[in-house]
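Please open the model in a viewer and keep the selection panel at hand. The stops below follow one another as a sequence of selections.

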Amino acid sequence: MQTRQTFDLLIEKHSPELLRYLRRLMGDWEQAQDCLQDVYLRAYRAYGRLPQGANTRAWLYRIATNTARTVAARAGRRAERTRALVDDQLSDGSTPEEIVEQREWLQAVAKAVEQLPHKQRAALILRKFQGLGYGEIGHAIGCSQAAARANTYQAVRRLRAALGGKEEGVGP
């Protein structure tokens, strides 16, 4: 049986990475923080039913993914998501011309990512930004390890097609 104390430790351990994931997935910092609170509530309610030895990290990502999907369906903030992805990736120390070029490139990438189906977008973000393995991704988005790999591959393939072969750093 899981205890309140172990739940608190679990949340403390994974909160920063879950918040980063939700921010990237949703594109809005405040919305991601609100969503994380919903994740905590849903996780707490289900924690007692979690089997001993379960992959709690993947379990939390699954709850976060499902919660974000629900919130995104209600909110529909695609423009903010695009802007957040672009602002998150711009590097410091660049010349103004480089910043403009980076911003244009990242806007194109963000727009292409935004067009991906939800499962492919989530799989891509979990793999590229959160560093999860395909087994954890599968658990997080509710599919098999092979399907997680396929969703990630299809996301990358679609991005390459959308970006016309200018896919610097885009790969599984």
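This is a predicted model: local features need pLDDT of at least 70, side-chain atom pairs count only at pLDDT 80 or more; totals for chains, interfaces and linings use all residues.

At roughly what angle do the axes of α6 and α8 cross? Select both helices: their axes come within 8 Å and cross at roughly 95°. Axes here are lines fitted to C-alpha atoms, for helices over the stretch in contact, and angles run from 0 to 180 degrees between N-to-C directions. Angles of 65 to 115 degrees count as roughly perpendicular, and α6 and α8 are therefore roughly perpendicular to each other. On the α6 side, show Lys119, Gln120, Ala123, Leu124 and Arg127; their partners on α8 include Ala148, Asn151, Gln154, Ala155 and Leu159. Contact means heavy atoms within 4.5 Å.

Residues are numbered from 1 along each chain as its sequence is written, and side-chain values use heavy atoms, with hydrogens and water left out.

**Whole chain**

Colour the chain by pLDDT, the predictor's confidence in each residue, from 0 to 100. The chain averages 82, and 82% of the residues score at least 70. Confidence is lowest in helix α4 (residues 78–89), with a mean of 54, and highest in helix α8 (residues 145–162), at 93. The chain has 8 helices and 0 strands; helices (H or I, at least four residues) and strands (E, at least two) are DSSP runs, numbered from the N terminus.

**Helix α6**

Return to α6 and display its surface. Of its 11 residues, 8 are buried, that is, under 20% relative accessible area (1.4 Å probe, protein chains only). Among them are His118, Gln120 and Arg121, as well as Leu124, Ile125 and Leu126.

**The nonpolar cores**

Next, select Tyr21, Leu22, Trp59, Leu126 and Ile137, which touch the most other members of the largest nonpolar core, a set of 35 residues. Such a core consists of buried Ala, Val, Leu, Ile, Met, Phe, Trp, Tyr and Cys residues joined through side-chain atoms within 4.5 Å. Helices α1 (4–26), α2 (29–47), α3 (56–75), α6 (118–128) and α7 (134–141) each supply at least two of its residues. The largest share, 9 residues, comes from α1.

Centre on leucine 22. Leaving aside neighbours within four places in sequence, leucine 22 is in contact with Gly27, Ala32, Cys35, Leu36, Val39, Ala64 and Ala68. Another core, of 9 residues, lies apart from the largest one; among its members are Val109, Leu116, Val156 and Leu163.

**The salt-bridge network**

Which residues are linked in a network of salt bridges? Select Glu17, Arg57 and Glu136. A salt bridge is a side-chain nitrogen of Lys or Arg within 4 Å of a carboxyl oxygen of Asp or Glu, and the whole structure contains 2. Glutamate 17 and arginine 57 meet at 2.8 Å, N to O. Glutamate 17 lies in helix α1 and arginine 57 in helix α3, so this pair ties together parts that are 40 residues apart in sequence.

Arginine 57 also pairs with glutamate 136, with the closest N and O atoms 3.4 Å apart. Here the link runs from helix α3 to helix α7, across 79 residues. Glutamate 17 is buried at 13% relative accessibility, and glutamate 136 is buried at 16%.

**Serine 15**

Finally, move along helix α1 to serine 15. Serine 15 is buried, with a relative accessible area of 13%. Beyond neighbours within four places in sequence, serine 15 is in contact with Leu36 and Tyr40.

Conventions. Buried means under 20% relative accessible area, exposed over 50%, partly exposed in between (1.4 Å probe, protein chains only). Angles under 35 degrees count as roughly parallel, over 145 as roughly antiparallel, 65 to 115 as roughly perpendicular and the rest as oblique.
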